[in-house]
Amino acid sequence: MENAAKGAESVVRRWLAYALESMVVHEQELGRLDAVAGDGDHGATMVRGLRAAHTAAKEANGSAGDLLVAAGAAFADAGGGASGALLGALITTVGRALSDGPYNLTTTTTALQAGLATVTRLGKAQPGDKTLIDALQPFVDALAGQPADTPLIVAWRTALPAAEAGVAATQTMVAKRGRAAKLGERSFGHPDPGAVSLTYLLQAMSTVWDENHPS
Ligand code: ADP
Ligand code: MG
């Protein structure tokens, strides 16, 4: 049990390390997507936020949930912008809900549902408004739809295509929230940058687990 809990802390730290690497690789792409109808800063915001979140989780003590709370607060502070505040609150809410574990499909799904509720309350976006919710909600629903005894790693991998399909669906949406809403029509034909980066965060978690458990 103690080892499992320690394992979870290491997973959180490695998730943030890998997510940062992945976001550096995709920084320009996210900036270009955000420039279509927004201000072009989304890649930079994600990299800045994740750099701070990664450092915070490395320096923090406590459970995996505690590390996520620290990482979310640092992300919000450093990231700035709409996505900094919303993703920071998402990560912090998930961390609080997970607390000391256990870390399984049921607790993780409940924590992500709480995170989704927080993002919805703060940002007031609905599914179809072309935001990160259009990737997050289908992913959370796909987790919730699996048998409770499914190993978390397997359930996560199984749910990823739902997030990816959610990103694809944002291409034919017109932005109704955030900065992009002002030039919403321009965003048609392009995926939402926040939905894309959220999916990179979810994929990074799977990559970290795959490295632990090569199949
Ligand atoms: P800013 O719009 O402040 O420049 P970013 O460019 O970093 O922030 O992030 C833009 C992304 O934030 C959008 O692509 C969208 O996914 C997400 N977003 C913006 N407003 C909202 C909202 N009200 N609810 C949910 N997500 C939002
Ligand atoms: Mg922007």
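Guide: One term before we start. Helices here are DSSP runs of at least four residues, numbered from the N terminus. By that count, Thr 55 lies in helix H2. Keep in mind that this is a predicted model.

Visitor: Is Thr 55 buried, exposed or partly exposed?

Guide: Partly exposed, because its relative accessible area is 33% and the class runs between 20% and 50%.

Visitor: How far apart are the C-alpha atoms of Thr 55 and Ala 44?

Guide: They are separated by 17 Å. The two residues sit eleven apart along the chain.

Visitor: How does H2 meet H3?

Guide: Helix H2 covers residues 42–59 and helix H3 covers 64–79. Their axes come within 7 Å and cross at roughly 145°. The crossing is right-handed.

Visitor: Which residues make that contact?

Guide: From H2, they include Met 46, Leu 50 and Ala 53. From H3, Leu 67, Ala 71 and Phe 75 are among them. By class, the contact has twelve nonpolar, three polar and one charged residues.

Visitor: Switching to the metal. What are the protein donors of the magnesium ion, ligand 2?

Guide: Asp 34, Asp 39 and Asp 41, each through OD. The spacing in sequence is D-x4-D-x1-D.

Visitor: What about the largest nonpolar core, how many residues?

Guide: It has 57 residues. Those with the most contacts inside it are Trp 15, Phe 139, Trp 156, Leu 198 and Leu 201. Elements giving two or more residues to this core include helix H1 (2–37), helix H6 (133–144) and helix H8 (193–212).

Visitor: What does Leu 198 touch?

Guide: Leu 87, Leu 90, Leu 132, Ala 135 and Leu 136, leaving out residues up to four places away in sequence.

Visitor: Now the backbone. Where is the cis peptide bond?

Guide: It joins Gly 101 and Pro 102, with omega about 5°. Pro 102 is in the loop between H4 and H5. Most peptide bonds are trans.

Visitor: Which residue other than glycine has phi near 50°?

Guide: Ser 99. It belongs to the loop between H4 and H5, and is partly exposed at 34%.

Visitor: And Lys 130, what is its phi?

Guide: Positive, about 70°. Lys 130 lies in the loop between H5 and H6. It counts as buried because its relative accessibility is 3%, under the 20% cut-off.

Conventions:
Residues numbered from 1 in each chain as written. Chains lettered and ligands numbered in written order. Predicted model: local features only at pLDDT ≥ 70, side-chain atom pairs only at ≥ 80, totals over all residues. Heavy atoms only, no water. Donors = N, O, S within 2.8 Å, 3.2 Å for Na, K, Ca; no water. Axes fitted to C-alpha atoms, helices over the stretch in contact; angles between N-to-C directions. Left-handed = near helix turned anticlockwise from the far one by under 90°. Contact = heavy atoms within 4.5 Å. Nonpolar A, V, L, I, M, F, W, Y, C, P; charged D, E, K, R; others polar. Core = buried A, V, L, I, M, F, W, Y, C linked by side-chain atoms within 4.5 Å. Buried < 20%, exposed > 50% of the residue type's maximum accessible area, 1.4 Å probe, protein only.
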